[in-house]
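Visitor: I am new to this structure and would like to look at it piece by piece. Please show it to me.

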Amino acid sequence: MRNNFSIEHTMFSLVLVVIMTSKLFSQKNNHMKFELAPLPYAYNALEPHIDARTMEIHHSKHHAAYTNNLNAALENSSLTGQSIEELMTSGFETPAIRNNGGGFYNHNLFWEIMTPGGANQPEGDLAEAINAAFGSFAAFKDAFAKAATTRFGSGWAWLCVHKGGKVEVCSTPNQDNPLMPGSCGGFPILGIDVWEHAYYLNYQNGRPDYINAFFNVINWSIVGEKYNANK
Ligand code: MN3
């Protein structure tokens with residue numbers, strides 16, 4: 001009797017452990033983690049405008065840290081499973097998600113819209129929208145550079161598109177972006193990172209020089225695709 005009970009008890013405990021372990025693993029598998037995508041070109045592809053060492057540290061250290069910290073912030077969070085775009089509003093009140101989610105999203109866009117290839121100025125509908133909003137491409141460049149230069153401390157400057165096709169330049173502090181509450185409310189199709197980690201090795205305190213150089217590495221073909229997809 002005592003032996004039977006002991007065997008049953010052991011079996012019961014074993015089954016319980018198996019069930020709990022499988023639950024733990026299935027929960028882990030359901031937690032979709034955000035992943036750091038490889039840079040879509042070599043670290044030195046944007047030289048001499050943006051140097052390879054800056055690109056390597058920026059992608060493999062800074063962007064990687066935002067990605068890891070975002071995943072850590074989402075562990076045991078009710079927001080787990082949402083898309084990165086959804087998290088920009090739903091996670092806005094949670095500093096770890098706002099800062100690291102913004103960092104994850106912003107840098108993905110940043111790498112994507114830079115490349116040695118592609119059109120070197122806006123074309124088609126985007127060119128028309130830029131002319132309509134600013135008067136000319138040169139005037140847009142001035143407005144964008146001014147937003148990037150005058151962003152105090154760390155942050156980003158953006159070119160956004162609103163539903164209907166109107167474009168606008170705005171800027172945000174830290175790792176915020178236009179998808180978050182309180183910004184210009186458009187959809188970002190071009191962004192420049194003006195944190196010192198984006199330029200200090202090559203340009204030191206010369207943020208305007210870095211901004212000028214950035215115009216040489218914008219892939220306007222991709223920005224134009226984003227405009228068409230979100231106007
Ligand atoms: Mn950065």
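Visitor: In which sense do strand S1 (residues 155–161) and S3 pair?
Guide: This is a predicted model, in which local features need pLDDT of at least 70 and side-chain atom pairs count only at pLDDT 80 or more, while totals for chains, interfaces and linings use all residues. Residues are numbered from 1 along each chain as its sequence is written. Strands (E, at least two residues) and helices (H or I, at least four) are DSSP runs numbered from the N terminus, and two strands pair if DSSP finds at least two bridges between them. S1 and S3 are joined over 6 bridges, and their sense is antiparallel.

Visitor: How many bridges join S1 to S2?
Guide: S1 and S2 run antiparallel, and Trp156 stands opposite Thr172 in S2. The hairpin of these strands has 5 residues between them, with Gly164 at a positive phi near 110°. The number of bridges joining S1 to S2 is 7.

Visitor: What does the twist average from one strand to the next?
Guide: The pairing in this sheet is antiparallel. From strand to strand, the average twist is 25°.

Visitor: Which strands does helix H9 (residues 220–230) lie across?
Guide: H9 runs at about 150° to S3; axes are lines fitted to C-alpha atoms, for helices over the stretch in contact, and angles run from 0 to 180 degrees between N-to-C directions. The strands that H9 lies across are S1 and S3.

Visitor: At roughly what angle do the axes of H6 and H8 cross?
Guide: Helix H6 (residues 137–150) and helix H8 (residues 207–214) have axes that come within 10 Å. Ala145, Ala148 and Thr149 of H6 make the contact with Arg207, Pro208 and Ile211 of H8, where contact means C-beta atoms, placed from the backbone, within 7 Å. The axes cross at roughly 145°.

Visitor: What share of the 231 residues of the protein counts as buried?
Guide: A residue is buried if 20 or more other C-beta atoms lie within 10 Å of its own, exposed if 12 or fewer, and partly exposed in between, with C-beta atoms placed from the backbone. By this count the buried share is 31%.

Definitions and conventions:
Contact = placed C-beta atoms within 7 Å.
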